[in-house]
Amino acid sequence: MRKYNIAVVGATGMVGRTFLKVLEERKLPIDNFYVFASARSAGSTLMFQGKEYTVLELNENSFKDYQVDIALFSAGGGTSLKYAPIAAESGCIVIDNSSAWRMDKEVPLVVPEVNASDILKHKGIIANPNCSTIQAVVALNPLHRAYSIKRIIYTTFQAVSGAGMGGYNDLSEGLKGNPPQKFPHQIAGNCIPHIDVFLENGYTKEEIKMVEETRKILNDQSLKITATTVRVPVFDSHSESINVEFNKSYDLEDLIETLKSGEGLIVQDDTAKEIYPLALNAAGQDEVFVGRIRRDESVDNGVNLWVVADNIRKGAATNAVQIAQWIIANDVIQ
């Protein structure tokens, strides 16, 4: 079996370290492995597959010098804008976790359970979607195929880990009574309806990301979508209330069976036994969990869903590694 030179860029961050963990678990055929970060982190060490690796400083020659085949980026938009094209020019395929390339018409935006074939359209860069969008479209894709979605209303309840270590620390310190450093308000004992910056139309950038990315991934610009994204005092796993209106009528039992057959989905829906997806249970898992499945009686063809997933794993690292696995399995690298 052919083996590949794989690199992680931003290896010392929360998502970067999870890249390493998921790569270990999924046992990709790796020949040479490299970890890159900024000058500040260069020289430190990370463990991978029982071996100690020295973190290398990222520069313009990194990908060419080390003949990297696949690079997983999670080092911020500025780094991705600068270095992803350089990597692509050297023959490397970049899987980028920032928002820098997601809406570029030349860059596939991929969730493997939904639109893996879009990987074939890549020109050296593949974008990993927003964490909230990833789990939503895994649940929505089989329903869109079966019933044709007309409208989506997203309300998210997003864990502090989505804001990196700063968010994690704000909740930990806030529980001790200390003031926030990352968020504009105390997150402990609070909900903040404000993720990313506010735009002129009153939406936040996070909300618009969900709208635009859903349309791109599902390849349907006609979808009517609105979103409200909220930061909640939970350490890990995003939860989402998703209200969907279809163009077609549906039978609820058939719809639940459609979800059960969805790739990467686990249905947890037995309210008589108080069984439904929980953030605590989703943490550390790669699947997307869906429950509280019920007809929306305010419209003719509506349904309500509760969707939960680990935002650092499926919402970032695992999704990127799944893309890499698809690339390798389909021999996309020449």
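Is Thr156 buried or exposed, and what is its relative accessible area? Select Thr156, which sits in strand E9 (residues 149–158), and colour by accessibility: Thr156 is buried, with a relative accessible area of 0%, where buried stands for under 20% relative accessible area, exposed for over 50% and partly exposed for what lies in between, with a 1.4 Å probe and protein chains only. The model is a predicted one, in which local features need pLDDT of at least 70 and side-chain atom pairs count only at pLDDT 80 or more, while totals for chains, interfaces and linings use all residues. Residues are numbered from 1 along each chain as its sequence is written, and side-chain values use heavy atoms, with hydrogens and water left out.

Now show the surroundings of Thr156, which, once neighbours within four places in sequence are set aside, is in contact with Met210, Thr228, Thr229, Val230, Ser239 and Glu240; contact here means heavy atoms within 4.5 Å.

Select residues 131–147, which form helix H5. The expected span is 1.5 Å times one less than the number of residues, so the 17 residues of H5 should span 24 Å, and the 25 Å between its end C-alpha atoms agrees with that. Of the 17 residues in H5, 15 are buried.

Next, display the largest nonpolar core, which has 54 residues, and pick out Phe63, Tyr154, Ile242, Phe246, Leu255 and Leu305, the members that touch the most others. H5 supplies the largest share of this core, eight residues. Such a core is a set of buried Ala, Val, Leu, Ile, Met, Phe, Trp, Tyr and Cys residues joined through side-chain atoms within 4.5 Å. Centre on Ile242: beyond its neighbours within four places in sequence, Ile242 is in contact with residues including Ala136, Leu140, Ile152, Tyr154 and Leu305. Another core, of 36 residues, lies apart from the largest one and has Val8, Ile30, Ile312 and Ile327 among its members.

**The open sheet and a hairpin**

Turn to the open sheet of six strands, whose order is E5-E2-E1-E6-E7-E8 with parallel pairing; two strands pair if DSSP finds at least two bridges between them. Strands E5 (56–57) and E8 (125–127) are the edges, each pairing on one side only. Strand E2 (residues 30–37) pairs with E5 over two bridges in the parallel sense, and the bridge partner of Ala37 in E5 is Glu57.

For antiparallel pairing, select E3 (residues 45–48) and E4 (residues 51–54), which share four bridges. Leu46 has Tyr53 as its bridge partner in E4, and the two strands form a hairpin with two residues between them, where Gln49 in the turn has a positive phi of about 50°.

What is the distance between the end C-alpha atoms of helix H10? Select residues 313–329 and compare: the ends of this 17-residue helix are only 21 Å apart, short of the 24 Å that a straight helix would reach. A kink of about 35° is centred on Asn319, and 14 of the 17 residues in H10 are buried.

Val111, in the loop between strand E7 (93–96) and helix H4 (112–115), is buried at 0% relative accessible area and touches residues including Ile134, Val138, Lys314 and Asn319. Finish at Asp286, in the loop between helix H9 (279–282) and strand E13 (288–296), which at 17% relative accessibility counts as buried. Its side chain makes polar contacts with the side chains of Arg26 (3.3 Å) and Arg313 (2.8 Å); a polar contact is a pair of N or O atoms within 3.5 Å, and within protein one must be able to donate a hydrogen and the other to accept it, with residues adjacent in sequence counting only if both atoms are side-chain atoms.

Note on methods
The bend at a residue is the angle between axes fitted to the seven residues ending there and the seven starting there.
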